[in-house]
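Please keep the sequence and the three-dimensional view at hand while reading.

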Amino acid sequence: MYTVLVFTLIGFSLLSAEVLFSSMILGVLGLVALLTAMVLGYTEYGPVWGSWIFSGVGMLCSMGFLLWLRVIAHSPLGKCISNRESLSSPLTSSPRMIGVRGVALSALRPTGIAFVEGKRRDVISDGSFIAAGSSITVIAENGQKLIVQASSCGKLARAADEYEPNG
C-alpha cells in the first residue's frame, strides 16, 4: 500500500508542478505515476481496493483542480503565472483608432461605410449627417464600431487618395 501512496503523491505533485512550469513533461509523468498507482492498486490488492484507490486518485485530482480554479487562479501566484496579455479582445484593448482620419464612402445618417486606415469599415457618425466623400476623423471606439465626426478641414483626407474602389 505504501508504493501506491507514494506513486499517488508523486503523480499529484508532478501535476501540480505542471501548473507552475508548464512543459507537458511534468504533466505526462504525473499522469503516468497516477496510472501506475491505480494499476498497482488493482493488481496488488484486488478489484475492491483497486476501485477505492481509483476513486481516491480521482477525488484527489478533482479537489486539486477545483482548488486551482477557485483559489490559485485568483491568488497573486495565479495572476503571476497566467497569461492575461494574450486574452485581449476588441472590447478590452486600448483605443487604437482615435484620431485616425478617413473618408466617408457613403452618407453617414448616422451609420454608413468609411475608408479608414486602408480598410472599409462600418462607422457611426457623432449624430450629424456626413455626406459621402467627406473627410472624417475617428473620435471614439466602441468595440468594433468606430464613431466618427466630420474633419474640420472639410476636404478629403489622405486616405481618400489611397482608396481604390476595386481594392
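Helix H1 gives the most to the lining of the largest pocket, supplying six residues. The coordinates examined here belong to a predicted model.

**The largest pocket**

- The volume of the largest pocket is about 370 Å³.
- Its lining consists of 13 residues, and those nearest the centre of the pocket are Leu15, Ser16, Val19, Gly64 and Trp68.
- Both H1 and H2 take part in the lining of the largest pocket, each with at least two residues.
- Sorted by class, the lining of the largest pocket comprises 10 nonpolar, two polar and one charged residues.

**The helix pair**

- Two packed helices are described by the angle between their axes and by the distance that separates those axes.
- Methionine 24 is located in the loop between H1 and H2.
- Although methionine 24 is not a glycine, its phi is positive, at about 75°.

**Strands S1 and S2**

- Strand S1 (residues 101-104) and strand S2 (residues 111-116) run antiparallel and are joined by three bridges.
- Valine 103 has phenylalanine 115 as its bridge partner in S2, while glycine 102 stands opposite valine 116 of S2.
- The two strands S1 and S2 form a hairpin, with six residues between them.
- Proline 110 belongs to the loop between S1 and S2.
- The peptide bond that leads from arginine 109 to proline 110 is cis, and its omega is near -10°.

**Strands S2 and S3**

- S2 is joined to strand S3 (residues 119-125) by six bridges, and these two strands run antiparallel.
- Opposite valine 116 stands lysine 119 of S3.
- S2 and S3 form a hairpin with two residues between the strands, and in this hairpin glutamate 117 adopts a positive phi near 50°.

**Strands S3 and S5**

- The pairing of S3 with strand S5 (residues 145-150) is in the parallel sense and extends over three bridges.
- Isoleucine 124 finds its bridge partner in isoleucine 147 of S5.

**Strands S5 and S4**

- S4 and S5 run antiparallel, with six bridges joining them.
- The bridge partner of valine 138 is valine 148 in S5.
- S4 and S5 form a hairpin with two residues between them, and glycine 143 in the turn shows a positive phi of about 70°.

**Strands S4 and S1**

- S1 pairs with strand S4 (residues 135-142) in the antiparallel sense, over three bridges.
- In S4, isoleucine 136 stands opposite glycine 102, and serine 135 stands opposite valine 103.

Terms used
Residues are numbered from 1 along each chain as its sequence is written. This is a predicted model: local features need pLDDT of at least 70, side-chain atom pairs count only at pLDDT 80 or more; totals for chains, interfaces and linings use all residues. Side-chain values use heavy atoms; hydrogens and water are left out. Two strands pair if DSSP finds at least two bridges between them. Helices (H or I, at least four residues) and strands (E, at least two) are DSSP runs, numbered from the N terminus. On a 1 Å grid over the protein atoms alone, a cavity is a set of points where a 1.4 Å probe fits but cannot get out, and a pocket is an open set with protein on both sides within 12 Å along at least five of seven lines; lining residues have an atom within 4 Å of a point. Grid points are joined across faces, edges and corners, and a volume is the space filled by probe spheres set on the points. Ala, Val, Leu, Ile, Met, Phe, Trp, Tyr, Cys and Pro count as nonpolar, Asp, Glu, Lys and Arg as charged, and the others, Gly among them, as polar.
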